[in-house]
Structures are given as C-alpha cells and as structure tokens.
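Student: Can we go through this model together? I have some quick questions.

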Amino acid sequence: MKIAFVGKGGSGKTTLSSLFVRHLAATGAPVVAVDADINQHLGAALGLDEGEAAALPAMGERLPLIKDYLRGSNPRIASAQTMIKTTPPGEGSRLLRVCENNPVYDACARPVELDGGAVRLMVTGPFTDSDLGVACYHSKTGAVELFLNHLVDGPDEYVVVDMTAGSDSFASGMFTRFDITFLVAEPTRKGVSVYRQYKEYARDFGVVLKVVGNKVQGQDDLDFLRAEVGDDLLVTVGHSDWVRAMEKGRPPRFELLEDSGHLALRRLRTAVDETYELRDWERYTHQMVHFHLKNAQSWGNERTGADLTAQIDPGFVLGEVCREVHGESVTGLREGNSPLTPTA
Ligand SMILES: Nc1ncnc2c1ncn2[C@@H]1O[C@H](COP(=O)(O)OP(=O)(O)OP(=O)(O)O)[C@@H](O)[C@H]1O
Ligand SMILES: [Mg+2]
C-alpha cells in the first residue's frame, strides 16, 4: 500500500508520517519510509541523530543508477539519459517490491531500528530552487516517482511518503501514485486552503484524499475542520507530549504515545487497508502514461532530443498479476529477487 502525507509547511506531515511508520513497524508490517519533503526531517523524526541523518544516501544523486536498473532490458528505453521521471515501465523493465533486496535499496535505502522492528528509509536529499520547478529533468522527487511507478506492492506492506504538496508533484503525476493521501491540516484557513487546492487537482484522477486534523485543541477547532472539509475529515490529533519529548531528542518508547495518538494511528491504518479494494492497476498504469505524454510533450522530448512518447509500451499493465493485454498472463509474482517482467 502506498501512502502519502501532504499538507502545508509545518502542519505536521513529518511528525504524522513518522508516527504512522512507527505504528506499522510495531505491528511487524514491512515498511519503506520515503522522505520527499522539502525539509528533510523524516530521519530525525524516526530517531536518527544528526550525523546518521546526514549520512543517508540521497536518491536524487543516484538517479542514473536507479534509471539503469529499472529500464533493465526494456527495448523502448534506449538509455538512462532518455529516461525521465515519468518514463513508465514496459516489457523488459525491472520492477520493485517492498520486501526484497535490489540495487535500488542497496544504493538508496538504509535500515532504521524502531521499537518493534526495522524499516527501510529512503530520502530524496535536500531540495534546491531548481527542484521546485515544473519541468525539472534532475528532479529529486523524480527518483521517488520512478520508484513508485515500478513498484508492485501488496496489501500487507507499506510505503509511506512524507511529501510536499508542490507544483512538482502535480505536474509529474506524483500525486496520483498513492492508494490514499493524508492531507495534514491544522485548524486554520491556510491549512484548509491547501486541502481545497489538493482536492481540486485530485478530482479528475480518483485520488483518495482524507484530512488528518493536527494540533486540534477543543471543540471549536473540531467544528471548524468539520465545517471546512466535511466528510473528508478522517481523524484529528491533538497536542502530543510524546512528540514534544521526541523533538527534544528523548523519544520515549512508542507504546507510551498517548492513547488518543494510538487510536488515531489505528484509524489511519484502517483507512489505508480499506482502500485496497479500490486498487485499479490499469488506471494506475494509464495515469502514468497520461503524465508521461504530458511531460514528454511539454519539455522531455526537447530536453532529451528523443521522442519519449515511443517509450510507452501499449500492452503493459503494472500489477500484482502482471500481464500483457495481448499476450499470455503471468499468474503471480516470481519468487526471490528476480526482476518481474511480464511474458510476451
Ligand atoms: N500533534 C503534535 N503535537 C505536538 N507537536 C507537534 C504535533 N504535530 C506537529 N508538531 C510539531 O510541529 C512542528 C512541525 O511539525 P512537522 O515538522 O511534522 O511539520 P511538517 O509539515 O513536516 O513541516 P515542514 O513543512 O517544515 O516539513 C514540529 O516541531 C513538530 O514537533
Ligand atoms: Mg516535514
């Protein structure tokens, strides 16, 4: 399951992403945590000290390796240089799974020990001004988008992305890559205005969007959020002393998080798991093709000097049962670490 936490700066995206990751890990679920936020703080929120966080490898600096691995023997993708953030997988591409070892994890992921088990953490690396543009070839979040577009994840495994709701994610299609998107909003006009903007973008793409009210104090805050976002309000979280202690670098054991916090996290988990039945791999694949065409035409073709629309494999559908529309079906994922490729 792929989950995004988005919202206004300072709303609590990183805090809630990290709490949700801790919750999942405590139940023994496999988790890949991804920091794609402008302010790279997820490592610290998961308990890494400054030195450990600074030593995390940046996905944005490993794009050539990621691209080379993912394109595999796909004949439609001539080189890593012509692979842009939206280039979709096709026959011959290498796909990724949550639970496996592969060169992408080797290069970009590091284990983080939490109460209850270890998770994998990947970070985009710090953002620069050029990363925030619409048409960036070297986009840091592009590495995450490629990861998500090549990922075949099942129901009991989780990828949690701490993300900025910026123009980059809307232009590239990144915002459509999740089973569910949690928009973290404080009970303020600015908090809910980010929700409205997101909802507007998301409307035509079947994005499941739920609001998590954060730093909610009392009935007035709750009433405000209910009035502004209606049924999209999933749950609210109040001020947490546990979070405050963590911010001081003294995280108590996770089980000591306030009961209301645990309750909220279980609600999030239920909401995530319930979206599994809405999964539509064909739509997921169509959307990546849609955004690839858009990006190819608006900047990619010109930048690479190639016709990137030819990278699209019309018969390919990503999925847990990967298949070719005009070919034979493959009835499941291959075991082990071998790349999954659909048979022709
Ligand atoms: N429920 C909470 N209780 C106590 N403190 C909180 C809570 N939620 C967030 N905070 C605090 O608010 C601050 C901002 O939170 P956080 O860094 O998670 O927000 P963010 O949306 O990721 O911000 P940025 O846009 O800077 O990445 C942090 O100091 C965090 O500890
Ligand atoms: Mg943050």
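Student: Where is Lys 215?

Tutor: Lys 215 sits in the loop between strand E7 (209-213) and helix H9 (218-229). Helices (H or I, at least four residues) and strands (E, at least two) are DSSP runs, numbered from the N terminus. This is a predicted model: local features need pLDDT of at least 70, side-chain atom pairs count only at pLDDT 80 or more, and totals for chains, interfaces and linings use all residues. Residues are numbered from 1 along each chain as its sequence is written, and side-chain values use heavy atoms, without hydrogens and water.

Student: What is phi of Lys 215 near?

Tutor: Near 55°, a positive value in a residue other than glycine. Most residues other than glycine have a negative phi.

Student: Is Lys 215 exposed, partly exposed or buried?

Tutor: Lys 215 is partly exposed, at 39% relative accessibility. Buried means under 20% relative accessible area, exposed over 50%, and partly exposed in between (1.4 Å probe, protein chains only).

Student: New topic. Where is Arg 279?

Tutor: In the loop between helix H11 (259-274) and helix H12 (281-304). Arg 279 counts as buried because its relative accessible area is 16%.

Student: Which residues does Arg 279 contact, leaving aside neighbours within four places in sequence?

Tutor: Met 1, Lys 2, Asp 153, Asp 179 and Glu 320. Contact means heavy atoms within 4.5 Å.

Student: And the whole protein: how many helices and strands?

Tutor: The protein has 12 helices and 10 strands. Of its 344 residues, 56% count as buried.

Terms used: Chains lettered and ligands numbered in written order.
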